[in-house]
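Student: I have a new structure to look at. Could you show me how to read it, one feature at a time?

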There are 2 protein chains.
Amino acid sequence: MKKITLKDIAAHFSVSVSTASKAINGSHEISVGLKEKIQKYAKQKHYKPNRLALNLLNKSNKTIGVIVPNILNYFFVQVLYGIEKVANEKGYNIISCISDESFEKESKTLEFLDSGTVDGLIVSLSEETQQKKRVKALMDIVDNHIPIVLFDRVSDLVNCDKVVVDDFEAGYKSTKYFLDTGCKTIALVSPISKSSVGKLRFEGYKKALSEKYIPFDENLVVNFGRNDDLDVLMSLLLNHAPVDAILGLDEITAVKILQILKLRRYRVPEDISVIGFTNGQLSEFVSPALTTVSQHGKYIGESAAKQLIERIENSKEETQSPFQTKVVKTSLVVRGSTRELL
Amino acid sequence: MKKITLKDIAAHFSVSVSTASKAINGSHEISVGLKEKIQKYAKQKHYKPNRLALNLLNKSNKTIGVIVPNILNYFFVQVLYGIEKVANEKGYNIISCISDESFEKESKTLEFLDSGTVDGLIVSLSEETQQKKRVKALMDIVDNHIPIVLFDRVSDLVNCDKVVVDDFEAGYKSTKYFLDTGCKTIALVSPISKSSVGKLRFEGYKKALSEKYIPFDENLVVNFGRNDDLDVLMSLLLNHAPVDAILGLDEITAVKILQILKLRRYRVPEDISVIGFTNGQLSEFVSPALTTVSQHGKYIGESAAKQLIERIENSKEETQSPFQTKVVKTSLVVRGSTRELL
DNA sequence: GTGAAAGCGCTAACAT
DNA sequence: ATGTTAGCGCTTTCAC
């Protein structure tokens with residue numbers, strides 16, 4: 001059975017398509033009898049207006065596109081969850097895409113989405129894109145087409161609404177916490193050294209050190225990529241100096257560090273303290289449970305969605321409010337992987 | 001700057017819309033000079049054909065809809081990842097929705113998606129839907145409209161392609177593993193007792209017990225819901241009998257059980273063995289690392305997507321291949337939460 | 001080599 | 001109260 005259209009219904013009652021349309025939409029112009037007959041028939045045949053046609057007509061489709069770099073990262077899943085929640089409440093659907101940290105895939109996706117498919121875009125940049133600053137595609141979209149909200153991994157070059165984490169403060173705050181619990185030799189391990197986020201956290205880390213007049217030692221900083229062996233790098237680090245604290249810049253990294261330390265018989269937190277990022281289930285259930293920086297992923301998603309939808313629905317207005325960047329403060333969730341405050 | 005359309009381009013060169021269309025699509029009918037001029041202009045102005053219009057024309061939009069019950073569950077994230085991977089390879093996009101285990105939200109989403117928005121659907125039923133067997137909406141879609149693939153939480157009432165886990169065997173296999181490592185009093189803790197998946201695993205559990213002539217004791221079965229306090233229920237269980245093995249029917253449940261046991265000073269696996277489901281990061285990094293049943297989520301997603309896309313692309317053919325149900329076998333990933341085989 | 005016209009499914013302004 | 005027409009943006013016959 002083929003899908004039923006207005007035309008079919010109209011034909012069945014020998015009326016015009018517009019009459020059928022009005023009847024189904026309950027217009028006052030149509031006689032009650034006919035309206036009832038048509039509506040009943042439509043229901044029975046499971047008639048549904050074709051969205052594609054409506055979208056073309058309205059130049060809008062109540063859909064927002066989301067691009068995240070990596071869906072296996074719990075932070076992004078939380079954000080997605082927040083976005084979905086708000087979008088759903090406001091009657092929007094989400095078409096979600098994964099860039100896999102690849103500039104090329106991100107570009108293709110952007111290209112696809114920026115062609116009438118969605119009313120707006122929520123994007124966190126791929127690492128490659130951020131590193132190479134190849135945001136021309138984004139800039140074009142901003143200039144010419146649909147509203148866009150950047151979150152977490154953003155770019156200064158793109159002029160649009162943004163929701164970011166206060167990563168500088170997060171790096172500062174966590175490092176300071178180490179210092180306040182008596183740690184002196186604090187290492188930083190980052191899988192995201194090339195992203196804005198990683199850089200800011202690193203700056204915060206340095207700031208906290210310099211406040212206490214602790215000289216920065218670059219051998220205490222371990223930046224690694226997808227193909228590097230964290231185990232080997234950790235060996236080098238641990239042999240370099242008597243480290244007594246390690247800041248892992250994402251959740252899985254912190255968890256892996258914890259495991260490596262335990263395997264080598266370091267006691268956590270007695271010998272070495274560990275702080276991670278993204279307050280997910282992993283951090284909570286590992287032992288000892290990890291002290292982590294919560295970025296409030298769900299909240300970030302909700303904020304981004306709210307901001308975008310507002311922008312979409314005001315896009316017909318003449319006066320556009322200026323773009324704003326919302327900075328979300330992090331919270332330090334203290335658990336068993338750090339020592340007591342002095 | 002408004003979005004540019006074919007009409008604009010045609011006007012700019014004082015040609016007809018159809019000429020512009022052909023020029024941009026590189027038709028042989030158009031003179032080389034004009035083609036080049038128009039193409040250059042189009043590129044420069046960032047012209048992109050409007051998808052909505054194309055979709056309406058083609059009655060297809062290279063998009064598949066996915067509905068999962070819960071995105072914070074790692075299994076479903078893995079499936080999503082697998083779906084995205086295959087869809088992306090074949091040039092499809094994904095519009096992903098969350099039913100939040102609610103029949104109502106699932107229905108609304110279905111209603112929305114089944115109106116020309118997507119070419120096909122991949123769905124895992126919400127718990128409520130499965131429990132109440134309210135699959136009429138699904139059946140209608142299958143009968144009348146677009147191809148659909150059900151995965152994991154399926155329904156016999158819906159006649160379509162399916163990808164399921166061999167949950168019966170999984171329950172059987174894990175229980176048998178307990179028995180083979182010398183466990184005698186095996187408890188089962190399930191947050192999904194009302195879903196097909198939970199029921200099958202439960203049946204497998206009973207089968208393994210009966211094979212060894214171990215009488216089934218319903219006090220060893222803990223079914224709990226969203227609002228129940230697992231801690232209290234575990235107390236009751238542990239006080240009931242000297243349990244020496246616990247099968248947790250999803251990842252987070254197994255992890256929580258592990259934590260509760262550790263808190264009460266049970267040694268795992270010496271006093272009590274634990275097996276969980278969904279081989280995610282949590283199971284891997286908890287201590288002791290959990291022995292788990294891997295359902296191969298990513299593979300399931302890939303299979304479902306392949307099956308759906310094939311169905312979509314053959315939908316013009318006259319002869320439709322019969323619907324098939326793919327059963328994916330699980331693997332038991334043995335780690336530290338279970339004893340050695342005898 | 002170029003253009004006019006039809007049509008995808010629908011709505012809305014404008015007749016009648 | 002019902003029908004006609006135009007048009008959303010595009011492709012595709014079919015004329016010229």
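**Reading helices, an interface and a sheet**

Tutor: α1(A) passes α3(A) in a right-handed crossing. Keep in mind that this is a predicted model.

Student: How are two packed helices described?

Tutor: Two packed helices are described by the angle between their axes and the distance between the axes. Here the axes of α1 (residues 6–13) and α3 (residues 32–44) of chain A come within 11 Å and cross at roughly 130°. α1(A) and α3(A) are therefore oblique to each other.

Student: Which residues in α1(A) and α3(A) meet?

Tutor: From α1(A), Ile9(A), His12(A) and Phe13(A). They meet Lys37(A), Ile38(A), Tyr41(A) and Ala42(A) in α3(A). By class, this contact has 5 nonpolar, 1 polar and 1 charged residues.

Student: How many residues does each chain give to the contact of chain A with chain B?

Tutor: Chain A gives 40 residues, and chain B gives 40 residues. On the side of chain A, β2(A) supplies the largest share, 6 residues. That side has 20 nonpolar, 13 polar and 7 charged residues.

Student: Now the sheet in chain B. What is the strand order?

Tutor: The order is β7-β6-β8-β9-β10-β12 in an open sheet with mixed pairing. β7 (221–223) and β12 (331–333) of chain B are the edge strands, each pairing on one side only. From one strand to the next, the twist averages 20°.

Student: How do β9 and β10 of chain B run, and how many bridges join them?

Tutor: They run parallel, joined by 3 bridges. Phe277(B) stands opposite Val293(B) in β10(B).

Student: Which helix lies across β9 of chain B?

Tutor: Helix α9 (residues 167–180) of chain B, running at about 165° to β9(B).

Notes
Residues are numbered from 1 along each chain as its sequence is written. Chains are lettered from A and ligands numbered from 1 in the order in which they are written. This is a predicted model: local features need pLDDT of at least 70, side-chain atom pairs count only at pLDDT 80 or more; totals for chains, interfaces and linings use all residues. Axes are lines fitted to C-alpha atoms, for helices over the stretch in contact, and angles run from 0 to 180 degrees between N-to-C directions. Helices (H or I, at least four residues) and strands (E, at least two) are DSSP runs, numbered from the N terminus. Angles under 35 degrees count as roughly parallel, over 145 as roughly antiparallel, 65 to 115 as roughly perpendicular and the rest as oblique. A crossing is left-handed if the near helix is turned anticlockwise from the far one by less than a right angle, and right-handed if clockwise. Two residues are in contact if their C-beta atoms, placed from the backbone, lie within 7 Å. Ala, Val, Leu, Ile, Met, Phe, Trp, Tyr, Cys and Pro count as nonpolar, Asp, Glu, Lys and Arg as charged, and the others, Gly among them, as polar. Two strands pair if DSSP finds at least two bridges between them.
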